[in-house]
Amino acid sequence: MNDQNTTINIPVIARVEGEGALDLQIRDGKIYQLQLKIYEPPRLFEKFLIGREPNEVVDAVARICGICPVAYQMSSVHAFESIFAMKPDNWVRQMRRLFYCGEWMESHGIHVHMLAAPDFLGYDSVLTMAKDYPEVVKRGMRLHALGMELMSLLGKRSVHPVGACVGGFYAAPSMREVKRILECFKANLSLAQDLVTWALSLPFPDEKQDFISVSLQHPHEYPMNEGVIVSDHGLNIQIHEFEQHFKESQVPYSNALHCRLHDRSYLVGPLARVNLNYDKLPTQITQLIEKSNIHFPSQNMFHSIVARCIEIYYSMLEAICIMQDYNLPEKAALSMTPKAGIGFGCTEAPRGLLWHQYETDEAGLVTFSKIVPPTSQNQARIEENLIWQLSREIPHATNAQLREHSEKIIRNYDPCISCSTHFLKIKVDR
Amino acid sequence: MLLVGVVGVGSPFGDDNIAQRVITQLQRESQHKKSADKLVFEYFDRPGIHLLEYMKAFDRVHLIDAIVSDSPVGTIHHFDSFDSFQKHKQILSSHDFDIVQVLKLGQILNLLPKALMIHGIEIDPNHELPVKVGQIDKLCKELLMMIERAI
């Protein structure tokens, strides 16, 4: 049991993308102050995109994040296409979904197996977990590698891909290469099914938090690139209406902006997507879920790992469908006729909603840009989750336990501080 | 046929890109060697877990990475196994999630190739003493000789 007044500092939170810190001050046995600090300097991408051509922007924004470059590229191409009144054909649309399937598999595969699974199974790292669960780790590595294959297929390389452009892709993948990857996907599909079954069987804390889920929603499909922005509290808006409802603000202790919906924190990411789009999941997946004790929509934040595994399985099924119908297009991209205007793009990055806005001049050069990444949107929710959870634990937990639990809670959101600037050190003052 | 992977790891920034520069030159120089059809060259900008998946295809892998110890810039440290690499605690990989962790995971999962040689090229982490072009020529000759000898 702790003293009534303590400061706990976690100087570097392990197993998250990027670096940040957490300061927790406890007075009279209650949380006096909790600050999630993203202290790395702003990366100023929005400013140095100004004056650039659209396709330079598409390549540049891929460098914002080594884990979710496809999301940045997809949000930007949609924004520019809306300015230039371009409507890419179904081939481009399908390839963009395929590209996104790769990124979800790659990103979720790493998080589930390397970062989150040790927390659920009681290990300090994947290295110690791998000794007891080698097949779980190998399965994760295989699924991750398959995701990277898809990213390389369309992006020409899996890290910071360069294959996408405004209007489509610079080149169409060959029939032979698509067929080869399709066969790999078919041969490994059972891994993804096993993964969902495994995730559903993990030991979860029994909790129910009050939070708002926000994601894209499409009338016919699980959302990736298109749709309206919805919440489980009645929001239903077009992507260009984002700023009428969501407000970013600066907090003095963090270099990343906090984003709120009607002055409330909210959740974006896999759990929010599954909560709002469960009816768009195929029966292969919903049948597995319905056999378990876990139900969606879920207000248990720890079910995020299940949502990630569901999306890995979904990505494999979707990728197989798309590749089975693959044909070479006449053109892999529409030609672009630049003009002045304002455009918006909003797609579902692995970690959630990624919103872009660009303004261009008559030559199509960027005069204004704004990017709202998912980790900024989840920051206030993470702080609320920490306060909710730690308030219950403070009377009986040691500082070491508070540190450990804080890290687990934060990791559960898969924060990518590289995007929001970077992430985590924790300081507790009691 | 014996298949040998020659894999470089390192970000494109500063001298951390030494492995990329070496791989490019090795690929060019090996084209006319007898061993050319046995060698597959690849480069990754980080030592992620994909490295383990990639290495599964090869009987022998030569891994080239930038390292930092107290030797002169441009020195190559050769290790004929992961275990011998691990023993040299004073050597640090230039990556945060370093190659040691990835290879350690590979060892636990029994995913390392039967033969693994690690070649660490000394760099200056402050980039004040860059590896010179002439040094790269020398490094490549030394590496190619070791790779061919191993075949």
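A residue counts as buried when its relative accessible area is under 20%, and as exposed when that area is over 50%. Keep those two cut-offs in mind as we walk through this structure, which is a predicted model.

Let's start with Leu182(A), a residue of helix H7 in chain A. Its relative accessible area is 7%, so Leu182(A) is buried. What does Leu182(A) touch, once its neighbours within four places in sequence are left aside? The contacts are Ile320(A), Met323(A) and Gln324(A).

Follow chain A onward from H10 and you come to the loop between H10 and H11, where Pro297(A) lies. The peptide bond leading from Phe296(A) to Pro297(A) is cis, and its omega is near 0 degrees. To put that in context, most peptide bonds are trans, and most residues other than glycine have a negative phi.

Asp28(A) is not a glycine, yet its phi is positive, at about 55 degrees. You can find Asp28(A) in the loop between strand E2 (21-27) and strand E3 (30-37). With a relative accessible area of 60%, Asp28(A) is exposed. Ala85(A), likewise not a glycine, has a positive phi of about 50 degrees, and its place is in the loop between helix H3 (69-83) and helix H4 (90-121) of chain A. Is Ala85(A) buried or exposed? Its relative accessible area is 59%, so Ala85(A) is exposed.

Next, look for empty space inside the protein. Rolling a probe the size of a water molecule over the atoms shows where such space is left. The largest cavity holds about 50 Å³. Its lining draws at least two residues from each of helix H9 (270-277) and helix H11 of chain A. Among the lining residues are Leu267(A), Pro270(A), Met301(A), Ser304(A), Arg308(A), Arg351(A), Asn412(A) and Tyr413(A). Sorted by class, the lining has 6 nonpolar, 4 polar and 2 charged residues.

Two more stops complete the tour. Ala145(A) belongs to helix H6 of chain A, residues 134-155, and with a relative accessibility of 12% it counts as buried. From Ala145(A) to Ser158(A) the distance is 9.8 Å, C-alpha to C-alpha, with the two residues 13 apart in sequence.

Over in chain B, Ser84(B) sits in helix H3, residues 82-87. Its relative accessibility is 18%, so Ser84(B) counts as buried. What joins the side chains of Ser84(B) and Asp80(B)? The link is a polar contact of 3.5 Å.

Methods:
Residues numbered from 1 in each chain as written. Chains lettered and ligands numbered in written order. Predicted model: local features only at pLDDT ≥ 70, side-chain atom pairs only at ≥ 80, totals over all residues. Heavy atoms only, no water. Helix = DSSP H or I, 4+ residues; strand = E, 2+ residues; numbered from the N terminus. Buried < 20%, exposed > 50% of the residue type's maximum accessible area, 1.4 Å probe, protein only. Polar contact = N/O pair within 3.5 Å; in protein donor to acceptor, adjacent residues only side chain to side chain. 1 Å grid on protein atoms, 1.4 Å probe; cavity = no way out; pocket = protein on both sides within 12 Å on 5 of 7 lines; lining within 4 Å. Points joined across faces, edges and corners; volume = space filled by probe spheres on them. Nonpolar A, V, L, I, M, F, W, Y, C, P; charged D, E, K, R; others polar. Contact = heavy atoms within 4.5 Å.
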